[in-house]
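Dear colleague,

I am passing this structure on to you, and below it you will find my notes on what turned up. Please read them with the structure open beside you.

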Amino acid sequence: MSFLLGLTGSIGMGKSTTAKLFADEGCAIWDADAAVHRLYSAGGAAVEPLGAEFPDALRQGAIDRNALKQIIAADPTALKRIEAIVHPLVAHRRSELIEAAHADAVIVEDIPLLVESQMAPMFPLVVIVHADPDLRVNRLIEYRGFTEEDARARIAAQASEEQRRAVADVWLDNSGSAGELVEKARALWHDRIQPFAHNLQARRCAPTQPLLVAADPDWPAQARRIVARLNTACGHHASRIDHIGSTAVPGMDAKDVIDVQVTVASLDDADGLAESLLAAGYVSTAVTADVGKSEARSTQAEFDQTGDDALWGKRLYCSADPGRPTHVHVRVAGWPGQQFALLFVDWLRANADARSDYLALKRRVADAGPADGGAYAEAKEPWFLDAYRRAWAWADTTGWRPGE
């Protein structure tokens, strides 16, 4: 299975330079903008249908992109009509590249409008190249002949920094020298991208350690990206997808592992998601032999009071990404483990005493010294047995039901 990486960045940020650096490391590059240029050029597959729909854009057997921009500005319906013609052609060319690639290839998809087109959840990893706006303006003026007014207008028309940060698994800053970008890109390739791809090929979880760390205010944003990716991967098979576990409780110290629960209608549905989840970067712990499996099982124990999959209706997956440890719990709607995973978070959020008790337990276990995942779970088991009863008592008293 080829590993697909989404790469983007606004104009003047250095996205194309970064793509070339990755290509030097041996990956294949899919340049979406270049693909569109080829489709618009003489003999391109988009020329005939676009020329028939928009005759004013046809110039000497090719499509004039500037003419298309003028048509779009004058006709609010034109863009959707253009996209209806061009997008399937681009998708077909992309599919051809992926099918022709070697099974263990890394394919970097250089997509200028990845954020604007909401394509980020399609990729196991999204890299955003960024540079300060004033620096980008200077680059556009110096290297591409823009006026300052035109440069700022182009930048303003593209996705904002906030929108880009929301989908970025990796924020690659290119505000320094060319040499600094080379070092950052190579480090990213060797430390994260290549290991991620190798882990997926080996069906191996990225190793994690049960180390307690201070609450990270960025955990919710990271979880939102994961949930969006899983929504795309699971489609209609999932009735809901939730951020669960300690990292979903504001201010709670935890292991730096994001836990997400995918709710499905049956175990058959859960098993049917294996290939889709693998393509999204998540490996079934039923097949992995990596040390990450033990740690993943320890997280599962926080929500399941037995190891009986048939009783608790679950399948467990873990991320192959060494840069973002994640456990994906696929559970059947209405079964005990699925219900308690949702209840546990709401109970902790609503009860300061319960949060304090749980945090004290975490710290006692951490102070006892390093342990593998199984020992970590075993040390917490007595507290969880009592917490299970307390949480359901709270649910009965408050009328709790799983929320949205």
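Asp253 and Arg363 form a salt bridge (a side-chain nitrogen of Lys or Arg within 4 Å of a carboxyl oxygen of Asp or Glu), with their closest N and O atoms 3.1 Å apart. Asp253 lies in the loop between strand E9 (238-244) and strand E10 (254-255), whereas Arg363 belongs to helix H16 (residues 352-367), so the pair ties together parts that are 110 residues apart in sequence. Helices (H or I, at least four residues) and strands (E, at least two) are DSSP runs, numbered from the N terminus. Asp253 is buried, with a relative accessible area of 14%, while Arg363, at 41%, counts as partly exposed; buried means under 20% relative accessible area, exposed over 50%, and partly exposed in between (1.4 Å probe, protein chains only).

Please bear in mind that this is a predicted model, in which local features need pLDDT of at least 70 and side-chain atom pairs count only at pLDDT 80 or more, while totals for chains, interfaces and linings use all residues. Residues are numbered from 1 along each chain as its sequence is written, and side-chain values use heavy atoms, with hydrogens and water left out.

The search of the whole structure finds 22 salt bridges. Among them, Asp256 meets Arg324 at 3.0 Å, N to O, and this pair links distant parts of the chain, 68 residues apart. Here Asp256 is partly exposed, at 34% relative accessible area, and Arg324 is buried, at 12%. Asp357, Asp386, Arg389 and Arg390 are linked in a network of salt bridges.

Best regards
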